[in-house]
Amino acid sequence: MSSTERRLPALLGACLLAACGGGGSGGPDLASPGQPGVGAGTVDTSNDPPLRTAQADLDAALHCTPFENPDKPPVLLIHGTTVTGTEQYTAFYTPQLVSRGFDVCIVTYPDRGLIDQQISAEYVVNALRSIHGETGRKVAMIGHSQGASMPRWALRFFPSARDAVADFVLIAGPNHGTIVSLPAALGEQLFDLTGLGSLPIGLVPEAIYQFAPGSDFVAAVNSGDETPGDVDYTSLYTLFDELVQPAAPVPTAALDFDQDNPRVANILLQDVCPGHPAEHFSIGTTDTLTFALALDAISNPGPADVARAGGASELCGLLPLDLAELAMPQRAADLLTIVASTVGNGPPDPHLAAGEPPLMDYAQAAGD
């Protein structure tokens, strides 16, 4: 049995946790949008730092359903570490949102999120510029794990990104870092799933250093205003998160914690539904309570509101997993297609480093 064949069960398990889907006939059609600024909106990038990534690479990473629902904000989905955007969001979030009349875009940043998060954030900046420029509408972002915390870099340092966003739903985001030990707890769970195997002693992927509570990245992104721009922020998190901790008494996922900011909602799922079983992977992929709160946030003015979303009596009656959606035969076929594609592409570049990447020049002062 080859090493690729031995990795198939692990990859299949990872995809199941990440709600993998594929581009089969059962899912919405995703295509690359037009160029930024060519459409209904005007994108002012004059106050943004320069992007270091080639424009062709940035554009190739974004795929959208047709923009045909002007009454709703287009939704940008941002994946977590170790998966791609297609793997995480095709099976559940994309069809659920499309069925409710939303235009949906998925961005995939490089090497399953193991690269310097400052570079990954450029993919979010470009996605926001492109969607806002083509539609003239402000965007609703939904992100999980790194896909929740890393886009805050885009909002913190790129005015064009702040101008393009109406709502940001952060799901299990390590916004102030995580106290989970490094690299033992993260490495064994994350790297084996991507086929990296054992790593050289003393070397860790660049992005992992940036999850530490004392990292320069965390200090810079939280400097000044934690919730910049005219954006409504909803942070959703769970007590049972095995990777993003602490969840209490001061949750690392929260923004402007206990500051009564009317543009911010920090919601612990177990405060809504005691004993709710969501953990790190399910909260960002198939958890129906999380989806209901995210949907409320992007469908209404202001951040998510538990009472407006149905209250505990309705929300806690939801099944924690939409089994009918995941059990569809087409979804099973799509899953296998994605697994085969993932294996065929080989493991990602791990971007191993002996320490945290230095802050970009434009962020140096914020990291002090």
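This is a predicted model: local features need pLDDT of at least 70, side-chain atom pairs count only at pLDDT 80 or more; totals for chains, interfaces and linings use all residues.

Biologist: How many salt bridges does the structure hold?

Modeller: Side chains of opposite charge can pair when their charged atoms come close. Going through the structure for such pairs, the number of salt bridges is five.

Biologist: Is Asp-296 buried or exposed?

Modeller: Asp-296 pairs with Arg-308 in a salt bridge, at 2.8 Å from N to O. Asp-296 has 5%, and the cut-off is under 20%, so Asp-296 counts as buried.

Biologist: Which residue forms a salt bridge with Glu-87?

Modeller: Glu-87 lies in helix H3 (residues 85–89), and its partner is in the loop between strand E3 and helix H5, 25 residues apart. Both residues of the pair are buried. The closest N and O atoms are 2.9 Å apart, and the partner is Arg-112.

Biologist: How many residues apart in sequence are the parts that Asp-103 and Arg-137 tie together?

Modeller: Those two form a salt bridge, with the closest N and O atoms 2.8 Å apart. Asp-103 lies in the loop between helix H4 and E3, while Arg-137 lies in the loop between H5 and strand E4. Both Asp-103 and Arg-137 are buried. So the pair ties together parts whose separation in sequence is 34 residues.

Methods: Residues are numbered from 1 along each chain as its sequence is written. Side-chain values use heavy atoms; hydrogens and water are left out. A salt bridge is a side-chain nitrogen of Lys or Arg within 4 Å of a carboxyl oxygen of Asp or Glu. Helices (H or I, at least four residues) and strands (E, at least two) are DSSP runs, numbered from the N terminus. Buried means under 20% relative accessible area, exposed over 50%, partly exposed in between (1.4 Å probe, protein chains only).
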